[in-house]
Amino acid sequence: MTSATPGRGPLVFTVGPKDEPWKLGHQWRIWGQKGDFYVKTRCRFVDEFKLSFHGRREGHPGWGFKFDLDGATRQARRDGQAMGEGVNLDPIWFDGERTPDELVRLLRIAVPFDMFTEGAPVPPAHKPIGPVDMAARMPPPPRPGVFACLDLFLATPEEWAASSWRVRAEADNAVLGPITNDTGRYLVGITQMLTEERNPLPEVLRSFDAKPGELASRSVTFAHDPAGFIWLAERPLPAPPGAGRES
């Protein structure tokens with residue numbers, strides 16, 4: 001899955017069975033623009049949020065890593081338009097986790113086993129993504145206590161070339177990207193199956209799950225890891241008004 005000549009993206013990531021596309025999880029879109037990188041799902045009721053990684057560039061003093069409302073959603077809130085529950089979010093700035101070989105882990109997208117069990121909700125309709133540079137589909141986790149994940153790392157081309165992560169991931173055909181932007185930095189994804197025993201999900205990611213028998217939709221929860229990166233997990237949350245049940 002490695003890109004020989006990095007472009008701006010988009011990259012697309014999803015988890016689900018190859019022969020049952022209606023059971024696929026969220027489609028995550030990852031792209032570079034000017035000096036920045038962005039990550040966002042393309043599903044209704046979830047696409048109000050995005051992650052942005054802002055690089056230093058001339059004429060744009062603001063930089064850093066941010067989890068925030070999408071610009072259109074924030075403008076709608078300023079204009080007094082009615083918003084769904086859960087979108088009153090102040091920006092969350094974070095530092096990322098610097099690894100021993102100088103990569104910076106920014107994000108972990110986690111899709112646990114229970115999102116593919118009988119009765120688990122599937123996402124609402126995805127918005128069209130259009131042409132992509134590269135896409136990755138992981139199979140569902142094979143058993144309870146396992147989750148599929150995509151880790152996103154920020155690096156210079158030299159740091160990525162020298163990274164032990166690159167060597168292991170390329171051997172496993174587990175690299176998504178890299179993509180680049182005006183700063184010349186890379187954003188690279190690495191896909192893995194991980195156990196919760198060795199890589200515990202933060203408890204808050206499951207704390208909003210729909211109760212048994214409650215109308216649920218496939219949504220996303222987030223947590224700020226003490227190491228510095230952001231977790232996003234696909235979870236069955238109480239369905240917002242008008243969502244219906246997608247299963």
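Which residue of E13 does Leu-154 stand opposite?

Let's begin with the chain as a whole. Its 247 residues include 51% that count as buried, and its secondary structure comes to three helices and 15 strands. Looking at contacts between residues at least 6 apart in sequence, 67% of them join residues at least 24 apart.

A word on confidence before going further. The average pLDDT of the chain is 82, and 77% of the residues score at least 70. In residues 57–61, however, the pLDDT is below 50, and this stretch has three contacts in the model beyond near neighbours in sequence. Residues 75–87 also stay under 50, with twelve contacts beyond four places in sequence. Where pLDDT is low, the predicted coordinates should not be read in detail.

Now back to the opening question and strand E11, which covers residues 146–155. E11 pairs with strand E13 (residues 186–195) in the antiparallel sense, over ten bridges. Within this pairing, Leu-154 stands opposite Leu-187 in E13. E11 also has strand E9 (residues 104–112) as an antiparallel partner, joined to it by eight bridges. There, Val-111 stands opposite Ala-148 in E11.

How many of the ten residues of E11 are buried? Ten of the ten are, and the strand is mostly covered. In a regular strand the side chains alternate between the two faces of the sheet. In E11 both faces are covered: one side carries Val-146, Ala-148, Leu-150, Leu-152 and Leu-154, while the other carries Phe-147, Cys-149, Asp-151, Phe-153 and Ala-155, all of them buried.

Why is E4 described as largely enclosed by the rest of the structure? The reason is that six of its six residues are buried, that is, under 20% relative accessible area. On one side of E4 sit Asp-36, Tyr-38 and Lys-40, and on the other Phe-37, Val-39 and Thr-41; all are buried, and both faces are covered.

E4 runs antiparallel to strand E3 (residues 28–33), and six bridges join the two. Gln-33 stands opposite Asp-36 in E4. The hairpin of E3 and E4 has two residues between the strands, and in it Lys-34 takes a positive phi near 55 degrees.

Val-12 and Val-39 are 27 residues apart along the chain, and their C-alpha atoms are separated by 9.6 Å. Is Val-12 buried or exposed? Its relative accessibility is 9%, so Val-12 counts as buried.

Leaving aside residues up to four places away in sequence, Pro-202 touches Ala-223 and Trp-231. The C-alpha atoms of Pro-202 and Asp-225 are separated by 7.7 Å, with the two residues 23 apart along the chain.

Finally, have a look at the second largest pocket, which contains about 240 Å³ of space. Its lining has 13 residues, and those closest to the centre are Lys-23, Phe-116, Thr-117, Gly-119 and Ala-120. By residue class, the lining of this pocket divides into seven nonpolar, three polar and three charged residues.

Terms used:
Residues are numbered from 1 along each chain as its sequence is written. This is a predicted model: local features need pLDDT of at least 70, side-chain atom pairs count only at pLDDT 80 or more; totals for chains, interfaces and linings use all residues. Side-chain values use heavy atoms; hydrogens and water are left out. Buried means under 20% relative accessible area, exposed over 50%, partly exposed in between (1.4 Å probe, protein chains only). On a 1 Å grid over the protein atoms alone, a cavity is a set of points where a 1.4 Å probe fits but cannot get out, and a pocket is an open set with protein on both sides within 12 Å along at least five of seven lines; lining residues have an atom within 4 Å of a point. Grid points are joined across faces, edges and corners, and a volume is the space filled by probe spheres set on the points. Ala, Val, Leu, Ile, Met, Phe, Trp, Tyr, Cys and Pro count as nonpolar, Asp, Glu, Lys and Arg as charged, and the others, Gly among them, as polar. Helices (H or I, at least four residues) and strands (E, at least two) are DSSP runs, numbered from the N terminus. Two strands pair if DSSP finds at least two bridges between them. pLDDT is the predictor's confidence in each residue, from 0 to 100. Contact means heavy atoms within 4.5 Å.
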